[in-house]
Structures are given as structure tokens and as C-alpha cells.
Amino acid sequence: MGIFSPPPGVDDLLPEAITAWQFIEKTAAAFFPLYGFGEIRTPIFEYTEVFSKGIGEQTEVVQKEMYTFEDRGGRSLTLRPEGTAGIIRALGSIEQGSARRVYYIGPMFRGERPAAGRKRQFHQVGVENIGSVSPELDAECIVMLTRFLEKIGIRKYSLKINTRGDAADRAATDATLRNLFSKKKDTLCEDCKKRFDRNVWRILDCKNPGCAEISASLELEDIGRLFSRESKTYLDSVTNILAHEKIPFVLDPRLVRGLDYYAHTVFEVSHDGLGAQNAVAGGGRYEITPPGSKNPVRGVGFACGIERLIIAASSENHNPAPEKKPFVFIVSIGKNAKLPNFSLAEELRAKGISAIADFEERSIKSAMRSANKSGAAFTIIRGDNELSQKTTVIKNMSDGAQAEIPESKTIEYLSKYSPNGLSARLPEQERSQSGNAQAE
Ligand code: HAM
């Protein structure tokens, strides 16, 4: 690790990589408002209890993964490990029936062991529909997620659904699951021995081969029978709508979400292009009591990991257009051309034409190498000769053709070749291999 590397699990995003990110962000900003969702931006850090109480004291996220620190005023603060709890804090006491629909995009922080697709600073795009409870809203949330994935080029995903039931169901299902595991408790890993008492469902998620084998041998389908009639009807209503909308899904009684605020519907989307960390998105219906309040706020939502969306989309050969190159590169030959070229670049930008002006004092050969490297469609070359003749030399970088044209016509000339994708070639009649052919 050198001084130029960021800490483990944290990435720099350079311009070469950013278009995929911008594509996802723009798609979210255009798509979620179709469902009435407006953007929300909450702080990157919150009082620790927003997460410890909101997500659940016994979760791995709260027990092991939070970046918690004390500020100078002695307050315990935590970098947000996810978006939902902070949003509930921000929107506070929402009355039943007065719903809020919000979407968010931004960095989250979890001190997990870094691996492919598992970062310590990662990014989520997510939605929360808060304040109303109905299976239609859960279904709408899932449908919206699948349509969003399709919009960004992800089609080969699989969707799993389960229910956590309501609070009363959970007491019964926890007890039954504990009972099922109790015969094998001694052979569970050390973490799962603790999970047995704290959060028995999490054992189903353990990657330890011994624990996975024990989990696989359990007849979990029986647990489904323990759910109340209301919980089963609720889940059926959600899945009926999904079937009606032709969204493929699998009911999975083993689906465990890592956050403790869920009640009723839970879901996860995985993708084969991802390897071991194969969850691209997860979510469900939840109840969170904001700090300082006695009343739980109910909502339904999901979050997708943007890093994983990008890996999944590119595994399906969906790569958004590469970074935009500047349309024009301006080379100054000698000192006198610098100021006029500075102004010319400003005039081009004012017309919506992207331009980079180069002011390095160097040979034309080396300046043209930079022009080539910049990927610009055209290079304008201007030195003392052109200044005295009130002309500029314009070189078409795709075929090397050059034209010398009057200074006053330069912008008009370039405007004809749209930087937004129209032909960047010079018309035949305007080609000239002679001109003041300073460029090579
Ligand atoms: P989550 O399942 O913890 O749910 O995270 C959602 C998604 O964030 C995951 O499916 C994954 O794509 C991505 N993700 C999580 N951890 C990492 C990591 N260390 N590195 C890279 N990507 C990661 C939530 O966060 C809930 N707040 C979702 C939700 C919203 N539920 C209701 N509303």
C-alpha cells in the first residue's frame, strides 16, 4: 500500500469510469419521479443511535461494521451504513396515511472485509415509500425495482421473496427455528452460537460450510405454516400482483435480511455476473421507531449497490457511452496566440462547444500529440502567421484534413459539426491539404 492508495475497501472514481455512474444516477433521477418519488439527501453521519436502534443492536452491521467515532463535543456519531434509518429520522413522525415517497443516491460505509463487490465505502441508490401500509405498495416497490434494473441494462437477475411476518409471528418462528437448530447447536461456528440466542435467523446466512450444511438440512417450509393468516394473506396479495405484472420471482423461506427492522415482505435480487457477493439489491417492508419517538414509522423500500449494478450490467454487455471527449483542442504557437486562444475557447464554450486550450510552450509536434491524446474531434492551430492573416487552421482529427479559414468564421464553421454526435468530418469542398499546414 503506497501513499497514493486510498484505504482498503475504498475506491477512487476517475473520469474514465464515471459515465457508468452518471448513467445510473441520471436514470434514477428520471425514472423514480414517474412513481412520485422525489430526491432526498440526508447527512453522511448521524447520531449513532439512529442506526443502532433503527437497524437493530443485534445485527452484524451494528455489532461489527459501523464506523463510529466521538466528535469534539463527546457525541457518538456514525458514518451511515445504509440509508433507511437516517431517512426515517429525517422525515420523523409521519402520520399513518400521509405518505412520503423519496429516493436517494450516495455513499454508505460498512467495515466489512473487502472483496470483489464488497467495499467499505460503497454507494447505494434506493427508495423509501413511508407512511402507508398496503401490499400494493410493496408490490409497486418490487415492480419499480425490476423495471429500474431493466432500464440500466440488467435483465438476467433473480428475485427472491419471503415474509418476516408480524411481531407475534416472529416470536413463534424464532422459537421454532431455535428448536430446529438446538440439536446441532454444539457444531455451529462460534459466531452462530451467539446468533442462536441473539438473532437465530442469521444462522441461515452463515457462509461457514458446517453451518451451511446444517441450515440446508432443516425443513424450513414448516415454519411458513406458523405465520398468522393475516401475514400469509399479505404475502399472497404481494405475489399475486407480481404474477399479474409477469415479474418472475421465487418464494424463498430461507431469505434472511441482515437488518432487523423488517416486518412482512422482504426481497433480494441477485445476479450471476457478480460472483460471491451476488446481491445487487435488497429491501422490504419495515417498522422503525425514530429516536425520541414512541411510534414506529412504517415503510417499504429497497437499495441497490451501485458498484454491483455496474458489474452486473457490464456482464450483460451493457456499457453506457464512454466519457465525452472535448470537441475542440486549441494549440497556441508562440506567446502572442495565447490570449486570443484563451478568448476563443471561452466563445466556443458559450456556444455549447466543449474546448480545451493548450498554453504550454512547446513544439507543434508535441502539442499535436496532446491534441491526439485528448480525443478531440477538431484541433484549432493559431500562431503568429494566422494572427497576422486573421485566420485559424482547423484540423479534422479523424482524417487529418486541414482548412485555413477566416478568424471571424471559426466558430460558425465548427458549429456546423455538432459536438452532440453529427458528423465530425469536414465537407469535401472545404478540405484543403495546403493551408498554412503547420500541423502534422
Ligand atoms: P442491504 O441489503 O444491506 O439493504 O444493502 C442493499 C444493497 O447494497 C446490497 O444488495 C448490495 O448491492 C449493496 N451493498 C451492501 N453492502 C455492500 C458493500 N459492503 N459493498 C458493496 N455493496 C454493498 C439496505 O441497505 C437497506 N437499507 C435496503 C432497504 C431500503 N430496505 C428498505 N429500504
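This report describes sheets, helices and selected residues of a predicted model.

## Basis of the description

Because the model is predicted, local features need pLDDT of at least 70 and side-chain atom pairs count only at pLDDT 80 or more, while totals for chains, interfaces and linings use all residues. Residues are numbered from 1 along each chain as its sequence is written, and side-chain values use heavy atoms, with hydrogens and water left out.

Helices (H or I, at least four residues) and strands (E, at least two) are DSSP runs, numbered from the N terminus. Two strands are said to pair if DSSP finds at least two bridges between them.

Six of the eight residues of H2 (residues 48-55) are buried, so the helix is largely enclosed by the rest of the structure; buried means under 20% relative accessible area, exposed over 50%, and partly exposed in between (1.4 Å probe, protein chains only). The buried residues of H2 are Thr48, Val50, Phe51, Ser52, Gly54 and Ile55. They pack against strand S2 (45-47), helix H3 (60-65), strand S3 (68-70), strand S4 (76-79), helix H4 (84-91) and strand S10 (279-288), where contact means heavy atoms within 4.5 Å. Just after H2, Gly56 takes a positive phi of about 115°.

## A nonpolar surface patch

Ile44, Phe45 and Phe69 make a nonpolar surface patch of about 250 Å². Patches are made of residues with over 30% relative accessible area and no salt bridge, with like charges joined within 9 Å and nonpolar side chains (Val, Leu, Ile, Met, Phe, Trp, Tyr) within 5 Å. A salt bridge is a side-chain nitrogen of Lys or Arg within 4 Å of a carboxyl oxygen of Asp or Glu. Phe69 has its place in strand S3, and it counts as partly exposed at 34% relative accessibility.

Strand S7 (residues 157-163) is mostly covered, with five of its seven residues buried. S7 runs antiparallel to strand S9 (residues 262-271), to which it is joined by seven bridges, and Tyr157 stands opposite His271 in S9. With strand S8 (residues 250-251), by contrast, S7 pairs in the parallel sense over two bridges, and Lys160 has Val250 of S8 as its bridge partner.

S9 is also joined to S10 by six bridges, the two running antiparallel, with Val266 opposite Gly284 in S10. Eight of the ten residues of S10 are buried, so this strand is largely enclosed by the rest of the structure. Eight bridges link S10 to the antiparallel strand S11 (residues 297-305), where Phe302 stands opposite Gly283.

## Two non-glycine residues with positive phi

His264, found in strand S9, has a positive phi of about 70° although it is not a glycine, and it is buried, with a relative accessible area of 15%. Lys246 lies in the loop between helix H10 (229-244) and S8; its phi is near 60°, a positive value in a residue other than glycine, and at 72% relative accessibility Lys246 counts as exposed.

A mixed open sheet is formed by five strands in the order S13-S12-S14-S15-S16. Strand S13 (355-358) and strand S16 (402-406) stand at the edges with a single partner strand each, so one side of each is left without a neighbour in the sheet. Neighbouring strands here are turned by 25° against each other on average, direction ignored. Strand S12 (residues 328-332) pairs with strand S14 (residues 378-382) in the parallel sense over five bridges, and Val328 has Phe378 as its bridge partner in S14.

Helix H12 (residues 338-350) lies across S12, S13 and S14, running at about 170° to S12. Helix H13 (residues 364-374) lies across S12, S13, S14 and strand S15 (391-396), and it runs at about 170° to S12.

Key: Axes fitted to C-alpha atoms, helices over the stretch in contact; angles between N-to-C directions. Areas by Shrake-Rupley, 256 points an atom, 1.4 Å probe, with all protein chains shown as cover.
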